[in-house]
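This report goes through one structure part by part. The sequence and the model come before the text.

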Amino acid sequence: MPEFVGQLPVAEIPWSTLGAVKLIEQNSQAVTFSNGTAQLRLSVLAANLIRVRLAPTGMFLPRRSWSVTRDDDDWLPAAFELQETDAWVELTTAALRVRIERASGRLTCFDCQDRPFAQDETRSMGWRPGSVACWKQIEPDEHFYGFGERTGLLDQIGRRLTNWTTDSLDYHALTDAMYQAIPFFLVLRPQLGYGIFLNTTCRSQFDVGADEAGVCRMQAETSELDYYILYGPEPATILHTYTDLTGRMPLPPRWALGYHQCRWSYNSEAEVQQLAQEFRQRRLPCDVIHLDIDYMQGFRVFTWNRQRFPQPQALIQTLTEAGFKVVTIVDPGVKFEPEGDYAVFDEGLEQDYFVRDAQGKVFHGYVWPDRAVFPDFLRPEVRRWWGDWHHVLTDAGVAGIWNDMNEPAMNDRPFGDPGVKIWFPLDAPQGPLQERTDHAETHNLYGMMMARAAAEGLERLRPQTRSFVLTRAGFAGIQRWSAVWTGDNHSRWEYLEMSLPMLCNLGLSGVAFVGADIGGFAGNATAELFARWIQVGMLYPLMRAHSIIGSMRHEPWVFGEHVEQICRQYIELRYQLLPYLYTLFWEAATTGAPILRPLLYHFPNDPHTSQLFDQVMLGPSLMAAPVCRPGIECRSVYLPEGTWYDWWTREKHEGGQHILASAPLDRMPLYVKAGAVIPLAPVMQHVEELPLKVLRIKIWSGNGEWTLYEDDGDSFEYRDGAWATTTYRVALEGSQTIVCIDERSGQWMPPPRTVIVEVVGLGEQSFEDDGSARQLVFSGESSQQLMRAIHDS
């Protein structure tokens, strides 16, 4: 247990605590308390959103231009009542009450049933030189989720979790700091749920009952305690509020939902062309090929290798004609090359765009191009300069950018020599001149600001077409700028299993577009492992296979005909599900909902779901129980409340029980909830291969509802109303299943198509889609169904 034992005793500096307070100020949004010096302010931003700030000096910090949260003034007024007694002061909104005890400054929240939550422990809030902290009680039946990118299991109780973006090469179940630093978490117990966002970009840490059972400590290396309490009680409400606060993802291009193939590296134009031909000849759907660092000239960013990729524009044009998009890797390290005629370095140095140390010297570290310097992405003019340099790639036809090494990751000496990982000096000045700060405050923002520079640059360079951005490092709010993958995993079964709780916790942290390297990045996948990983990867919002230099290839056909056919089956299923998936992405973009969800998201009051990490929901209707161990051909599956159908056999199961599911190598247990409406597309080799002339709506009898979202999948016109939604409602009436289809809404018009509505086990009906309202009646007594079209007057 390396994080708990073997540590020398520390004589910690004692904490100063708030103590007795009195109310000194009140306005329409906030109340402020003081103990004579320190000030405590509670701001009511929404009925379920409270901001808590403690300024030990009595002076609150100014808002930063890079703040990831909405300004308090941007929220609509939220009504609250203030009540006072000799012992406490209470704020009451339509959703909760917040009590401050006068004698101690202790904070407690109550829901409308008078149940306490987010309750300060006896110490309440405190400070000491260089740090602030808050102590919360952990109730006996509470579980903790989110925390951004975390290894291990789903529930993070009992762990210390540091928020500091770190190059976590060879991470494992006990790894603490990871590539992403997102200081947000959800707490769930039966009938109650809330979230807490610790609003600081400085290094911080959550101790979730590790030091003291029953106590959650939030600590940050800064001078002001600033956090938000977000009441649910459902996880969906908490995530909606959190993404109201920190932002939501934009809709990606539809091709980004297809299958991605990557390797470090495909070393030449000929090798890339051969790869593309293999996919098309073998009829394995694929939309995206990623190019790793070897496409560059000597690892210089924004260059093409003149020997291996002499004609990138012609290469990408050929790939485009075959239906492939190209994504290229970009690292932040710019090769230090005075008098080398390297324009990126020359311009950055001339314009003073690179990070300097406190003495004014340009800082350097060692990465792939050897000695390198690093842009200060906290400065808007540097982000624009960096974004504009992407033209070298987009001019050749590149459609997406993969940001790597942006924690930032670097060594103190050339790669290959014995060395240690470093980052910028903590006192290195960063940010705009008028609010210059140091790296201790901005470190966690570096990767996100690089991703922002890429996203904004691509939108300027490709203004008519959506682009794809991927990042390894990020902070709270990263969903606004980029998709995220979980970095350098391994070709081992435990990493396959761990990918599910890792991605689910990222989704519960507001980051919906996430994935893990299918097959594992480091090492060699076995045929069985790759087959199982493709099955799981079909569920990932980002479906990308990847592998390290020197390892066995991880393309679907390298493991033999049987595994190739399994890969084909599940990649094709992914492409059939694209209308369903694209609607889930729209839901994420409009509500903040995760795409890949733990069962607790939909069944938070079921105690069987609180620790269940190896079953997942893809949206509200599909539940998968993947096999994540070798040699397994059957597994236990928990079915929550309701009625469920086996996707493969159509067998019906009642919920609230465990069943034993058959799971031979070609079968991932997959279940559909009764009343589900799943839109399906024909199998295509890439998403733009053919117009969608046939849309199949597959329904499982029950009571349910689903809204299908559609647009052109490529442009930004959806922002101006060029989208369409169609709501399908399913109801059981005696022996009949009634399907009501609402009139299509929105300004986007799909191409002429046939819609086939199939109720599983009862038959199907078809019609030409003119957008009008319809009602379909399916009877179990006859295979010839009655159809009547009704137009809304």
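## Nonpolar cores

The largest nonpolar core has 199 residues, and Trp304, Trp386 and Val757 touch the most other members. A nonpolar core here is a set of buried Ala, Val, Leu, Ile, Met, Phe, Trp, Tyr and Cys residues joined through side-chain atoms within 4.5 Å. Buried means under 20% relative accessible area, exposed over 50%, and partly exposed in between, with a 1.4 Å probe and protein chains only. Trp386 is in contact (heavy atoms within 4.5 Å) with Val301, Phe302, Val330, Asp331, Pro332, Val334, Pro375, Phe377, Met450 and Ala453, leaving aside neighbours within four places in sequence. Another core, of 46 residues, lies apart from the largest one, and among its members are Phe33, Leu42, Val98 and Met218.

The model is predicted: local features need pLDDT of at least 70, side-chain atom pairs count only at pLDDT 80 or more, and totals for chains, interfaces and linings use all residues. Residues are numbered from 1 along each chain as its sequence is written, and side-chain values use heavy atoms, with hydrogens and water left out.

Helices (H or I, at least four residues) and strands (E, at least two) are DSSP runs, numbered from the N terminus. Two strands pair if DSSP finds at least two bridges between them. Strand 8 (residues 97-101) runs antiparallel to strand 9 and is joined to it by four bridges. Ile100 stands opposite Leu107 of strand 9. The hairpin of strand 8 and strand 9 has five residues between the strands, and Gly105 takes a positive phi near 75° there.

In a regular strand the side chains alternate between the two faces of the sheet. In strand 9 (residues 107-110), Leu107 and Cys109 point one way, Thr108 and Phe110 point the other way, and all are buried. Strand 9 also pairs with strand 10 (residues 116-117), in the antiparallel sense and over two bridges. Phe110 has Pro116 in strand 10 as its bridge partner. Five residues separate the strands in the hairpin of strand 9 and strand 10, where Asp114 has a positive phi near 70°.

## Cavities

Four cavities of 30 Å³ or more are present in the structure. On a 1 Å grid over the protein atoms alone, a cavity is a set of points where a 1.4 Å probe fits but cannot get out, and lining residues have an atom within 4 Å of a point. Grid points are joined across faces, edges and corners, and a volume is the space filled by probe spheres set on the points.

The volume of the largest cavity is about 60 Å³. Its lining includes Thr726, Tyr728, Asp742, Arg744 and Arg774. By type, the lining residues are three nonpolar, three polar and five charged. In this count Ala, Val, Leu, Ile, Met, Phe, Trp, Tyr, Cys and Pro are nonpolar, Asp, Glu, Lys and Arg are charged, and the others, Gly among them, are polar.

## Backbone exceptions

Most residues other than glycine have a negative phi, and most peptide bonds are trans. Gly232 and Pro233 are joined by a cis peptide bond with omega about 5°. Pro233 is in the loop between strand 20 (225-231) and helix 1 (235-246). A cis bond with omega about -5° also joins Trp264 and Ser265. Ser265 has its place in the loop between strand 21 (259-261) and helix 2 (269-281).

Gln191, which is not a glycine, has a positive phi near 70°. Gln191 lies in the loop between strand 16 (184-189) and strand 17 (192-198), and is partly exposed, with a relative accessible area of 45%.

Key. 1 Å grid on protein atoms, 1.4 Å probe; cavity = no way out; pocket = protein on both sides within 12 Å on 5 of 7 lines; lining within 4 Å.
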